[in-house]
Amino acid sequence: MICERIKRIKDCTNPYFVKELETGYVVLGDNQHFKGYTIFLCKVHKTELFELDKDFKIKFLEEMSLVGESVAKAFDCEKMNYELLGNGDSHLHWHLFPRITGDIGEYGNKGKGPVWWYPMEKMYDDSTRPTSEELKSMKEKLLEKLDSILSR
């Protein structure tokens, strides 16, 4: 799936694409239960961080952190969650979840807990897909923060 997303970015057919960085591509997630959910796709097709060349790996981690900061500021979250799993798709990619109190509702301890405590069928329900207007607005907000942070 990640390789397909990257192909669609290169073909200019990925509506969730926000920005190309040196080591990866910034895209909003298809589903937005966690408003601002973003994925940072590695340009190099590797399965594990330790497989990357040292300089590329350091830059990839730095850029992921800057994307996380941009997401946090663009979507006014209380906490950022970062995940690099790879069990479903082995191409390196970061899941960046902006979090606010109560975003998993009754599924957490006092409304708090990891995103995976929230039922997957609700998280990925079609009702959580942004409309084209919402997607355009979200992309603009994230791009503005990214450009501001990257230009420091």
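How far apart are the mean positions of the positive and negative charges of the chain? The mean positions of the 23 positive and 26 negative charges are 3 Å apart. Here Lys and Arg count as positive and Asp and Glu as negative, while His and the chain ends are not counted. The place of a charge is taken as NZ of Lys, CZ of Arg, CG of Asp or CD of Glu.

This is a predicted model, in which local features need pLDDT of at least 70 and side-chain atom pairs count only at pLDDT 80 or more, whereas totals for chains, interfaces and linings use all residues. Residues are numbered from 1 along each chain as its sequence is written, and side-chain values use heavy atoms, with hydrogens and water left out.

**Figure 1. The chain and its elements.** Four helices and five strands make up the secondary structure of the chain; from the N terminus on, their order is α-β-β-β-α-β-β-α-α. Helices (H or I, at least four residues) and strands (E, at least two) are DSSP runs, numbered from the N terminus. The C-alpha trace spans about 45 × 35 × 30 Å along its principal axes. The radius of gyration of the chain is 15 Å, which agrees with the value near 15 Å for a compact globule with 152 residues. This radius is taken over C-alpha atoms, and the globule rule is 2.2 Å times the number of residues to the power 0.38.

**Figure 2. Two loop residues with positive phi.** Cys 12 is not a glycine, yet it has a positive phi of about 60 degrees. Cys 12 lies in the loop between helix 1 (2–10) and strand 1 (17–20), and it counts as exposed at 72% relative accessibility. (Buried means under 20% relative accessible area, exposed over 50%, and partly exposed in between, with a 1.4 Å probe and protein chains only.) Asp 76, also not a glycine, has a positive phi of about 50 degrees. The loop between helix 2 (54–74) and strand 4 (79–83) holds Asp 76, which counts as exposed at 61% relative accessibility.

Figure 3. The whole structure contains eight aromatic pairs. In one of them, the ring centres of Phe 97 and Trp 116 are 5.8 Å apart and the planes stand at 85 degrees, so the pair is edge-to-face. Phe 97 lies in strand 5 (residues 93–99) and Trp 116 in the loop between strand 5 and helix 3 (120–123), so the pair ties together parts that are 19 residues apart in sequence. Rings of Phe, Tyr and Trp (its six-membered ring) pair if their centres lie within 6.5 Å; planes under 30 degrees apart count as stacked, over 60 as edge-to-face and the rest as tilted. Phe 97 counts as buried at 1% relative accessibility, whereas Trp 116 counts as partly exposed at 30%. One aromatic cluster is formed by Phe 34, Tyr 37, Phe 97, Tyr 107, Trp 116 and Tyr 118.

**Figure 4. The surroundings of Glu 83.** Glu 83 lies in strand 4 and counts as buried at 14% relative accessibility. Not counting residues up to four places away in sequence, Glu 83 touches His 93, Trp 94, His 95, Phe 97, Val 115 and Trp 116. Contact means heavy atoms within 4.5 Å. Glu 83 and Tyr 118 are 35 residues apart in sequence and 15 Å apart in space, C-alpha to C-alpha.
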